[in-house]
Amino acid sequence: MSQSDRGLRRLAAGTLLVAFQGTVAPEWVLRELEQGLGGVTLFGFNVADPGQVSELTAALRGAGEPVISLDEEGGDVTRLAYHVGSPYPGNAALGAVDDVELTRRVYRAIGSELAACGINLDMAPSADVNTEADNPVIGTRSFGADAKLVARHTVAAVEGLQSVNVAACVKHFPGHGATRVDSHLAIPVVDVDLDVLRERELAPFRAAVGAGARSVMTAHVAVPAVTGETPATLSSAALTGLLRGELGYDGVVITDALDMRAITRSVGLAGGAVLTLAAGADLLCLGPLPTYDDVQAIIAEIVSAVREGRLPLSRLEEAAARVAALRTWFGAPASVAAEQNVVGLHAARRAVRLTGAAEPLVEPLVIEVDTPPTIAVGDVPWGVGPWLPDAEIVRVKPAAADVPALLAKAVNRSLVVVVKDAHRHQASQELVSALVAARPDATVIEMGLPVWRPDSAAYIATYGAARANAQAAIELLTA
């Protein structure tokens, strides 16, 4: 391979954030890092404990200068606490409190925990304005439905993370909040005119750009007024025209995972890589599915696209320069006192809301209504079990639940019903309604968005299903 060929391959590899299975870096990842690979994205299956993550990131840094990223949003979407649930409430809880200094403190604590593990970029916060209650992928990941509230908390989150030298990645541009489709599965459409888009969806991103956000993540959503039927990730009108031009952003643009079906089922993995680079992306998050062979094929396709004139070499050079500037910014991680558990629980306690009066618990039966996890969240534990060790906990699938048997089990006992995003699941609503109709003294705990509620004696809204949210709810119930 000639020197120019090696240089071109190095530029192509430098645009990729790869993933891998297991808790130890494979040899191919270390080898590619030595040859210019952009970095890695970690997932829950890469995490055992903080010490192991520190060893993993040290090994990665020993092979190059990687961007080491993951999704640590607090709340439902967590990677460091994937096996136990997050000690931080998510954005919906922080938006419900609406104290920007608290949001800044929570994200500073998250950032300090990431920095201590050697992670330098957090794919957070979600700046989506969640105007669609039936949104299957955003929900409690959003600060709320009001653009101004979302904008001010997005700024606070960016400032909190970046105060400890962890780059924020504000997502999902140009906004995933007004959708009813999960872009992991298909291409959602945000069908609003430019005036609405500017006033609503773009407001938090404009604020984040003003706050110096180091990276912005694209969304695989089509916005007909801007992108036609093309997902924003593949649209130069969205990334170069709107984000770079109108919003004046000059930081790193990172794609949402390219292995999502909105991309793979439309243009394919390698094809999507070339198209998004041409549109203006700088780092391509490949997601957890692509193998080493896939990575090789993507690099080869980018190289071919440059040679064939489908992708300007200057575009790769521009991306490399932006990523190099980000690496320079990382510098040495800032030293910060660990306050994460304190501030996380404090925030969750401020967010939790009780309507009605909860009676003292007597031999409580807790019925947790099973809710399928989204792809973004994954199979993170949730529920109130850790905080009610003496209670009987029964988790049921709503469509298969035996209501008479559950009610018989609850005779002469306190009944607590725990649900998540009941407004999105008709079977959950029907089960909760049947239980509460027979036991109006029951307490219902909603661990998603409190959009739908039954007529129970007591109703607790946590605005999230993290460990901290559950603890705050049970403290309120047992106070």
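Asp 128 sits in the loop between strand S4 (121-122) and helix H6 (147-162). Helices (H or I, at least four residues) and strands (E, at least two) are DSSP runs, numbered from the N terminus. The model is predicted: local features need pLDDT of at least 70, side-chain atom pairs count only at pLDDT 80 or more, and totals for chains, interfaces and linings use all residues. Residues are numbered from 1 along each chain as its sequence is written, and side-chain values use heavy atoms, with hydrogens and water left out.

Asp 128 is buried but forms no salt bridge. Buried means under 20% relative accessible area, exposed over 50%, and partly exposed in between (1.4 Å probe, protein chains only). A salt bridge places a side-chain nitrogen of Lys or Arg within 4 Å of a carboxyl oxygen of Asp or Glu. The nearest side chain of opposite charge belongs to Arg 141, 6.3 Å away. For charge, Lys and Arg count as positive and Asp and Glu as negative; His and the chain ends are not counted. Beyond four places in sequence, Asp 128 touches residues including Ile 138, Ser 142, Lys 171, His 172 and His 176. Contact means heavy atoms within 4.5 Å.

Two peptide bonds are considered next. The bond from Ala 124 to Pro 125 is cis, with omega near 5°. Pro 125 lies in the loop between S4 and H6. Phe 173 and Pro 174 are also joined by a cis bond, with omega about 5°. Pro 174 is in the loop between strand S5 (167-173) and helix H7 (194-199).

Most residues other than glycine have a negative phi, and most peptide bonds are trans. Asp 98 is not a glycine, yet its phi is positive, about 55°. Asp 98 falls in the loop between helix H4 (91-97) and helix H5 (100-116). Its relative accessible area is 33%, so Asp 98 is partly exposed. Asn 412, likewise not a glycine, has a positive phi of about 60°. Asn 412 lies between helix H16 (403-409) and strand S12 (415-419), in a loop. Asn 412 counts as exposed because its relative accessibility is 71%.

The largest nonpolar core has 119 residues. Such a core is a set of buried Ala, Val, Leu, Ile, Met, Phe, Trp, Tyr and Cys residues joined through side-chain atoms within 4.5 Å. Leu 16, Val 18, Leu 60, Phe 173 and Ile 302 have the most contacts inside this core. A second, separate core of 19 residues includes Ala 348, Val 366, Ile 460 and Ala 468.
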